[in-house]
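Hi,

Here is the structure I said I would pass on.

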Amino acid sequence: MKFKPLAHVAGLAASLALAATLGAGAAHAQDAKNRIIRFGYGLNEMSNQGRATKLFAEEVEKNSGGKMKLRAIGAAALGSDVQMQQALIGGAQEMMVGSTATLVGITKEMAIWDTPFLFNNGKEADAVLDGPVGQKIMDKLQEKGLVGLVYWENGFRNLTNNKRAVTKLEDLDGIKLRVMQNNVFIDSFKTLGANAVPLPFSELFTALETKTVDGQENPFNTILSSKFYEVQKYLTVTNHVYSPWIVLVSKKYWDGLSKSEQKVLMDAARKSRDFERQDTRAEADKALADLKAKGMEINQLPPAEANRMREKLSTVNAGIAANVGQPLWDEVQAAVKKARAAQ
């Protein structure tokens with residue numbers, strides 16, 4: 001009896017494993033129909049949002065054997081986040097990625113992610129968003145005609161303006177500050193003394209350029225990719241809110257997909273999430289240095305002043321808890337505490 005060399009056996013095993021993997025992929029591809037999926041996003045193609053969307057599109061096409069194609073449309077060409085959300089609910093658009101903050105008018109529980117100073121770092125945010133309570137909040141969207149797949153990272157939000165460097169709470173007094181169309185953001189900045197002006201992101205650059213508003217707040221990446229340094233002088237590192245993005249599908253569209261097609265989108269979404277977070281965090285570090293090089297005056301909000309802001313916002317936090325329900329508020333706080341202890 002002849003024994004086959006071990007290398008041959010190992011090679012055969014590897015070939016069988018590869019065939020099984022390809023077979024699973026082929027099964028999804030075989031089941032997929034030819035589809036064009038319009039995927040809208042707010043930033044430009046060269047942004048972190050644009051790069052992750054490109055990877056997502058590549059994964060969808062690869063996993064469906066070229067049958068499902070994502071048509072990525074950036075720079076708010078399909079409208080603001082709010083307009084795209086309505087298009088998804090109505091079934092006029094298939095997919096998008098946008099801020100959780102602009103969903104609060106549709107699903108009130110999303111307001112929990114707008115809580116000022118909720119997370120200390122990205123690891124805490126990942127653990128909570130990807131955990132049971134993050135999923136629970138995302139699932140609430142289905143009642144309103146949207147399906148949430150994954151959370152991406154927009155990042156910690158920081159303040160820019162043209163009036164003065166913000167070194168203490170009182171420096172916010174009277175600054176006309178663009179905020180998202182979201183009651184928590186409006187209430188938070190009004191409480192801190194600013195004149196909060198809700199505007200769609202697509203109108204922000206022009207509003208800053210024409211001095212309709214004095215300032216805005218966004219992560220470093222967005223400040224850089226949107227070229228706000230051209231129309232803003234002061235940047236204050238506040239890290240006042242951790243801002244997630246969320247990948248959404250129209251429920252009308254999602255319910256018309258086969259299980260295999262849904263899996264193609266979900267697998268691609270998860271891969272894009274992991275890439276996007278890593279990319280965003282690396283870019284944020286570089287973006288801050290680039291903004292300084294481009295002439296912005298940068299200062300760090302002192303911890304004592306951040307604490308004063310936290311205390312001032314306690315009424316806003318109480319309002320969020322009342323709005324989303326105390327049990328959900330407590331659940332999120334417990335998940336944050338657990339994530340913090342695990343580090």
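A word on terms before the helices: axes are lines fitted to C-alpha atoms, for helices over the stretch in contact, and angles run from 0 to 180 degrees between N-to-C directions. Helices (H or I, at least four residues) and strands (E, at least two) are DSSP runs, numbered from the N terminus.

Bear in mind that this is a predicted model, with local features needing pLDDT of at least 70 and side-chain atom pairs counting only at pLDDT 80 or more, while totals for chains, interfaces and linings use all residues. Residues are numbered from 1 along each chain as its sequence is written, and side-chain values use heavy atoms, leaving out hydrogens and water.

Helix pairs

Helix α2 (residues 48-63) packs on helix α10 (residues 259-293) at about 155°, and their axes are 8 Å apart. The two are therefore roughly antiparallel (that label is for angles over 145 degrees; under 35 is roughly parallel, 65 to 115 roughly perpendicular and the rest oblique). Contact here means heavy atoms within 4.5 Å. On the α2 side the contact includes Arg51, Leu55, Phe56 and Glu59, and among the α10 residues are Leu265, Lys271, Phe275 and Glu283. By class, that contact has nine nonpolar, four polar and eight charged residues. For the classes, Ala, Val, Leu, Ile, Met, Phe, Trp, Tyr, Cys and Pro count as nonpolar, Asp, Glu, Lys and Arg as charged, and the others, Gly among them, as polar.

Then there are α12 (residues 314-324) and α13 (residues 326-341), whose axes come within 6 Å and cross at roughly 115°. Asn317, Ile320, Ala321 and Val324 of α12 meet Gln326, Leu328 and Trp329 of α13. That contact divides into five nonpolar, two polar and no charged residues.

Covered elements

I use buried for under 20% relative accessible area, exposed for over 50%, and partly exposed for in between (1.4 Å probe, protein chains only). α4 (122-129) is mostly covered, with six of its eight residues buried: Gly122, Glu124, Ala125, Asp126, Val128 and Leu129. These pack against α5, β4, β8, α10 and α13.

Strand β7 (residues 215-218) is covered on both faces, with Gly215 and Glu217 buried on one side and Gln216 and Asn218 on the other. β7 pairs with β4 (residues 146-161) in the antiparallel sense over four bridges (pairing needs at least two DSSP bridges), and Leu159 stands opposite Glu217.

Single residues

Asn121 lies in the loop between β3 and α4 and is partly exposed at 26%. Leaving aside residues up to four places away in sequence, Asn121 touches Phe156 and Gln343.

Two backbones to check: most residues other than glycine have a negative phi. Ala76 has a positive phi of about 55°; this residue is in the loop between β2 and α3 and is buried at 18%. Asn239, in strand β8, has a positive phi near 50° and is partly exposed at 32%.

Cheers
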